[in-house]
Amino acid sequence: MRSLLRRRHNSSPAPRPSTTSHRRPARANAHGTIARRALGPLGAFIHRGVKFAPGLPPPHASHVGGGGASVHHRVRHIASALVTDARALMTLTPNEKTLDPPEGFTVLQEGKARILQRENDVFYNKAQVVNRDLSLSVMRQFQKVRAKEHAETKRAPKNRRLKGDMCVTPRDSKILPHLMTPQEIEDMFRTKHDEPETGDDDKKEPRDKKDGEPETGDDETPREKPPLKPVRILEGMAASGLRAIRYARELDDVGCVVANDLDPTAIASIARNVEFNAAHSAEAADRVNKVVPSAGDVRMLMMQHEKMFDAVDLDPYGTPSTLLDGAVQTVADGGLLLVTATDMAVLCGNNGEVCWTKYGAYPHRAKYCHEQAVRILLGSIDAAAGKYKRHIVPVMSVSVDFYIRCFVRVYTSAQQAKLAPTKVSYVYQCVGCDTFECQPVGKAVTKGNSTKFQAGSGPVVPRECPNCGWHYNMGGPFWTEPIHDMEWVDAIKKQVEENKAMYPGYDKIHALLTTVSEELVDVPLHYDIHSMSHCLRVTPPPMALFRSAVINAGYRVSPAHCNPLAVKTDAPAKVLWDILRCWVKEHPVKPIPEKTPGVVILSKEPELVANWTRVHGAFTKAQREGVTRFPSNPEENWGPKMRAGRPVPGGGLEKQGMTKKQRTEASK
Ligand SMILES: C[S@@+](CC[C@H](N)C(=O)[O-])C[C@H]1O[C@@H](n2cnc3c(N)ncnc32)[C@H](O)[C@@H]1O
Ligand SMILES: [Zn+2]
């Protein structure tokens, strides 16, 4: 099928259509309305007379049934679309037509979504299929949990927002009718002048409720919890709309998917792709009708729609740092926030000062840097949430390929927000050896019914590392609470296994979920067995043997999803060094004349005798289940892609690899 893709691409060398491609980019007006002529070749017939203003009823239904004659005149049935796995596609969309793309476009298929692509006019990165698949799997679990919680609780969600004259949502917001009922909108905009005189001092801001106090929900009068609404999703940076269309097509009970982008070319592409997908079947049309294209800066959109989305997906180029403040305001109580960061160089410690300015944390250049990246982002999201008396609960947070992706729930609770300093730690990293220690920034001391919040105690380390004698650097604060909820991870893994055909990136996400499910969730960061062995100039012990020795010494140990050589353990560093000292006794190393950290470590006798007897727990779940933990990438150039609008090196979509300079730029 890939050869078909290439053949097809070669046989129609994507000439830039004279009518559209040299024009100025499509312009969206303030309401996201796209000029019809800017929509490219499809616009002439599919989009005739249709304004793509968010809020207008989507236009495609009539094209699908009998009314689609004008569509048929250009869209011809062909033997096969350009897909990566034809069999999977047949299973996913068995009763759908296969339509020919308009001239100059190719069709990219992922899951149930089809995307029309013309060179690099709108961002598309095939490697992000893992990101999108994972997001779908987490969303499915979120919907399940959300429905269960709703059935089991009497409490209305804490979605208090500014109202009346103080309301931050513009009255003419085109997406608002997709997010609230007419009654809710009327209530939100009602001012004191509209209210009957009560004598209350309603100029006063409503006071924040204490935890446990009955909640009032979306309006001010105490009431029963409202019925569960279908999920309202924001894809804040939607590019081609691929992800938004997958959400709409592949998830059940979706109220709407607002597909927002700042780039007018992207908005035109979203509209075109919605239209193209709708033309494939009535069912497809029904579902993609839920996608609401929206043009604008996502930061503004989020701030203007307080607590109105059940799920918010942010997938920027580079850092999400400037998006977090808005993100934590727009997610409804208990909602899901999905955030990508690709600025790995920054998060992994290459530019500590930049990391500080963006995320408020100082990174270490250490072997655990990818896990550190995840923990920096989580700490930064929670810090943003705290400003609004909100807090996060991570459900899964991963480092994949060239980016990290965090899935967290956002809750409103002034009491929980106060615990924020207890959830982050400074991390002392020895500069000589791999030893590190975490020191919580704050602590909560509970006596009887009262809880006092205090600064954390420290330092937790002496001036010099007790193992090697070198000094420490202090980094952080990093999130040191769990980064996954294992109930979620196990349920997601099971669900993915049961619906393999739904996930084009199955092999990678299944391996990832397996490795995540093995992690010790209450142990922040990890050691790297090769790095520790290198410090002693000894060949590393086999992983299972080393893990066995740690378990036999009375501690817990696990791998980590972000580093095949990781040892996650609650054992103190001293125990790990002792085990390695024992290993060196059995595998002597050449004496080194100068004083190195390794020489200092080996100059001390171990206080424990390593027991190398292999134990069951030393083998990973993946080993036991026969899953390849770190499968190789399916193809070359499995990495970040350049921004849209830049010429594609070598011309073809298949060759969108970046130069070293472009990669560096993308990671800033
Ligand atoms: C990496 S792409 C998104 C890819 C997409 N989520 C997917 O899965 O294919 C980033 C997108 O963010 C858009 N963007 C950048 N800054 C933005 C902003 N402030 N508001 C909205 N969109 C923005 C860009 O135009 C680009 O289309
Ligand atoms: Zn040390």
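This is a predicted model: local features need pLDDT of at least 70, side-chain atom pairs count only at pLDDT 80 or more; totals for chains, interfaces and linings use all residues.
The largest nonpolar core comprises 155 residues. Within this core, V257, L337, L377 and I381 have the most contacts. The greatest contribution comes from helix α15 (residues 369-386), which supplies ten residues. Residues of the core are drawn from both domain 1 (2-125 + 644-666) and domain 2 (526-625), so the core lies between these domains. In soluble globular proteins, nonpolar side chains tend to be buried together. When neighbours within four places in sequence are left aside, the contacts of L337 are V312, A327, V331, I381, V408 and V410.

Several strands are paired in the parallel sense. Strand β3 (residues 231-235) pairs with β4 over five bridges, in parallel, and R232 has C256 in β4 as its bridge partner. β3 is also joined to β6, by three bridges and again in parallel; here E235 is bridged to D313 of β6. β6 in turn pairs with strand β7 (residues 331-341) through five bridges, and this pairing is likewise parallel. F309 has V331 in β7 as its bridge partner. Of the eight residues of β4, seven are buried, so this strand is largely enclosed by the rest of the structure. For strand β6 (residues 309-314), six of the six residues are buried, and β6 is therefore also largely enclosed by the rest of the structure.

V427 is located in strand β10 (residues 424-430). This residue has 28 other C-beta atoms within 10 Å and is therefore buried, the cut-off being 20 or more. V427 and E437 are ten residues apart along the chain, and their C-alpha atoms are separated by 5.7 Å. With neighbours within four places in sequence left aside, V427 is in contact with H364, F436, C438, G475, G476 and F478.

Definitions and conventions. Residues are numbered from 1 along each chain as its sequence is written. Chains are lettered from A and ligands numbered from 1 in the order in which they are written. A nonpolar core is a set of buried Ala, Val, Leu, Ile, Met, Phe, Trp, Tyr and Cys residues joined through C-beta atoms within 7 Å. A residue is buried if 20 or more other C-beta atoms lie within 10 Å of its own, exposed if 12 or fewer, and partly exposed in between; C-beta atoms are placed from the backbone. Helices (H or I, at least four residues) and strands (E, at least two) are DSSP runs, numbered from the N terminus. Domain bounds come from an automatic or database domain assignment. Two residues are in contact if their C-beta atoms, placed from the backbone, lie within 7 Å. Two strands pair if DSSP finds at least two bridges between them.
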